[in-house]
Amino acid sequence: MLEEMKREMQVRVRAFARLREAIGGDLTLEVPEGATMSRLLAAVGGTSEQAGEALFEENGELRGYVILMHNGRRVRRAEAGTLTLADGDEVALFPPVAGG
Amino acid sequence: MLTDRELERYRRQVALFGEEAQERLASARVVIVGAGGLGCPAALYLAAAGIGEVRLVDGDVVDRTNLNRQVLHGDRDVGRAKVESAAEKLRAQNLEITVVATYATVDDGNAAALVGGADLIVDAADNFRVRYILNRVALGARVPLIHGAVRGFYGQATTIVPGLTACLECIFPVAPPEEGIIPVVGTTPGIIGLVQANEAIKYITGTGDLLTDRLLVWDGRAATMTTLPVEREEDCRACGNGRCSRR
Ligand SMILES: [Zn+2]
């Protein structure tokens with residue numbers, strides 16, 4: 001079967017603030033080899049309803065203010081669709097806050 | 001020159017960074033925008049540390065719902081201008097310093113005048129509209145800006161040195177959403193406000209490593225503090241190439 005041919009890889013997800021609360025801590029997710037940042041974000045959002053709400057707008061678009069990091073480097077929102085991840089990578093996600 | 005009384009008052013920190021650093025604190029002017037959850041603890045500790053001039057800017061009055069976190073205001077201050085209530089406590093805390101209270105809401109038109117002459121701006125505002133204005137003014141005047149923000153058990157802080165480090169719009173090109181009532185426990189702005197005050201003391205005295213190009217993230221539920229690396233964006237609308245096309 002084709003499905004079985006496709007290998008999975010592991011990506012570590014460090015979530016902060018509300019997103020961490022929604023996910024319940026850090027995660028290691030299995031995604032198909034060559035998956036993009038967008039694909040990973042969809043998988044993170046799929047872990048729970050709160051996680052999905054913390055990451056995505058009602059129309060399914062990524063919330064623009066969420067800070068995305070890949071192996072300790074900032075990733076722009078526009079790059080998420082093309083940035084491919086590798087086995088063992090670490091992604092950090094931080095939804096900033098606005099109060100005083 | 002510091003008086004004998006000042007030397008006695010600041011003895012424990014002079015032991016840490018020396019008399020010359022204390023003199024720098026005594027001649028520093030710090031503008032704190034916001035006399036709320038972040039501004040109260042930041043102002044109190046900066047006053048206690050002997051910042052020569054603490055200028056508070058806020059256009060709000062004290063509401064009873066502020067009292068769980070805005071620790072310079074008490075029940076008897078409800079209805080008073082926050083800057084007046086806060087300035088009174090700061091003057092009582094330290095007779096050696098000057099406290100200036102400005103009852104005004106920062107906007108595009110008055111921001112440059114309100115923060116004019118400052119050595120340092122503390123962003124203790126409660127919304128990103130004002131924060132972006134402070135960022136532009138700080139960049140224009142080349143005055144460092146110390147950012148802090150909170151919600152719930154979560155907070156963030158960073159130090160911006162114009163021309164050298166990532167600015168507020170490099171780090172937050174899109175503002176987090178505005179909320180009507182932001183839930184918050186008082187300890188969160190207490191912790192972040194003191195991180196901001198600590199940055200101000202370090203900047204003025206030239207001590208330690210600043211929170212530049214780093215975003216400090218506090219999680220009060222997990223009791224963890226982390227810093228995430230951030231960097232200047234070339235096409236930033238406020239400090240990069242992108243600014244010509246927009247303004
Ligand atoms: Zn910038």
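Which residue stands opposite Thr28(A) in β2(A)? Select the two strands concerned, and Arg12(A) will be found facing Thr28(A). The model on display is a predicted one, and the predictor assigns the complex an ipTM of 0.91 and a pTM of 0.95.

**Stop 1: the sheet of chain A**

Remain with strand β1 (residues 8-15) of chain A, which pairs with β2(A) in the antiparallel sense through six bridges.

**Stop 2: strand β4 of chain B**

Move to chain B, for which the mean pLDDT is 96 and 98% of residues reach 70 or more. Select strand β4 (residues 120-123) of chain B, which is covered on both faces. Leu120(B) and Val122(B) lie on one side, Ile121(B) and Asp123(B) on the other, and all four are buried. In a regular strand, side chains alternate between the two faces of the sheet.

Next, display the neighbours of this strand. Strand β1 (residues 29-33) of chain B pairs with β4(B) in the parallel sense over four bridges, and Ile32(B) has Val122(B) as its bridge partner. Strand β5 (residues 145-151) of chain B is also parallel to β4(B), with three bridges between them; here Ile121(B) is partnered by Leu145(B).

**Stop 3: Val83 of chain B**

Select Val83(B), in helix α5 (residues 82-93) of chain B. Is this residue buried or exposed? Val83(B) has a relative accessible area of 0% and is therefore buried. Leaving aside residues up to four places away in sequence, Val83(B) touches Ala35(B), Leu56(B), Val57(B), Asp58(B), Ala101(B), Thr102(B) and Tyr103(B).

**Stop 4: strand β7 of chain B and its partners**

Select strand β7 (residues 214-219) of chain B. Five of its six residues are buried, so the strand is largely enclosed by the rest of the structure. Strand β6 (residues 154-160) of chain B runs antiparallel to β7(B) and is joined to it by four bridges; Gln156(B) is the bridge partner of Val217(B).

Strand β8 (residues 224-229) of chain B also pairs with β7(B) in the antiparallel sense, over six bridges. Asp219(B) stands opposite Thr224(B). The hairpin of β7(B) and β8(B) has four residues between the strands, and Ala223(B) there takes a positive phi near 55°.

**Stop 5: the zinc ion**

Finally, centre the view on the zinc ion. Its protein donors are the SG atoms of Cys167(B), Cys170(B), Cys236(B) and Cys239(B), at 2.2 to 2.3 Å. The angles subtended by the four donor atoms are 96 to 121°, which makes the arrangement tetrahedral. Along the chain, the donors follow the spacing C-x2-C-x65-C-x2-C. Cys167(B) lies in the loop between β6 and α8 (168-171) of chain B, and Cys239(B) in the loop between β8 and α10 (242-246) of chain B, so this pair ties together parts that are 72 residues apart in sequence. Both Cys167(B) and Cys239(B) are buried.

How values were computed:
Residues numbered from 1 in each chain as written. Chains lettered and ligands numbered in written order. Predicted model: local features only at pLDDT ≥ 70, side-chain atom pairs only at ≥ 80, totals over all residues. Heavy atoms only, no water. Buried < 20%, exposed > 50% of the residue type's maximum accessible area, 1.4 Å probe, protein only. Pairing = 2+ DSSP bridges. Donors = N, O, S within 2.8 Å, 3.2 Å for Na, K, Ca; no water. Tetrahedral: all angles 85-135°; square planar, octahedral: opposite > 155°, others 65-115°. pLDDT = per-residue confidence, 0-100. Contact = heavy atoms within 4.5 Å.
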